[in-house]
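Reader: I'd like to learn how to read a few features of this model with you. Where shall we begin?

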Amino acid sequence: FDGVPLAPALALAAVYVVVLIAAAPVFEAAKPTARLARLVRDTAPLDAQVAMYRLNRWTSSWRFYVERPTVPLDSFAQVKTFFEAPGVRYCAMLGRDYDALTAAGLPLRVIHEETGLFMTSGRALRAGARARRERFVVVTSAPMTLAENDSR
């Protein structure tokens, strides 16, 4: 080990371990992808159609956690066509997109809402407290159940 800078290598290894143990789980917990996809997986009937509206960064992880085919939607017209088709439909989207769609007259019903990080890159980590938290919603075309109606 002559000439090997052991102290700097150990310091880098220690920083790496701290990041893996402390920072990575916090960052992952702030991303709502898995939670929202599991909610849809556990709530939506097996014959329901599932979509994501303008959440293209999520495509692979969403499909992994939701465990069913997912339709990517990128325009108002696509969302309108998706929800006008027969059958029960579920869709994940940003809260601001939901607000715009309902303001335009689409009758969507929120079944779940939460905040989280949309960015999945190191930029979100570097931003720290300034990282922009987004509002995420899961909407459906399914009629409200009696239990949901009674809880209101």
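Author: Let's start with Arg54, found in the loop between β1 and α3; helices (H or I, at least four residues) and strands (E, at least two) are DSSP runs numbered from the N terminus. This is a predicted model, where local features need pLDDT of at least 70, side-chain atom pairs count only at pLDDT 80 or more, and totals for chains, interfaces and linings use all residues. Residues are numbered from 1 along each chain as its sequence is written, and side-chain values use heavy atoms, leaving out hydrogens and water.

Reader: Is Arg54 buried, exposed or partly exposed?

Author: Buried means under 20% relative accessible area, exposed over 50%, and partly exposed in between (1.4 Å probe, protein chains only). Arg54 counts as partly exposed because its relative accessibility is 40%.

Reader: What does the side chain of Arg54 reach?

Author: The backbone oxygen of Asp74, at 3.4 Å. Arg54 and Asp74 are 20 residues apart in sequence, yet 5.2 Å apart in space, C-alpha to C-alpha.

Reader: And how should I read a helix, say α4: which of its residues are buried?

Author: An α-helix has 3.6 residues a turn, so residues three or four places apart point the same way. In α4 (residues 76-84), the buried residues are Val79, Phe82 and Phe83. They fall within an arc of 90° seen down the helix axis, so they line one face of α4; the arc is that of the directions from the axis to the C-beta atoms. On the other side of α4, Thr81 and Glu84 are exposed.

Notes:
Polar contact = N/O pair within 3.5 Å; in protein donor to acceptor, adjacent residues only side chain to side chain.
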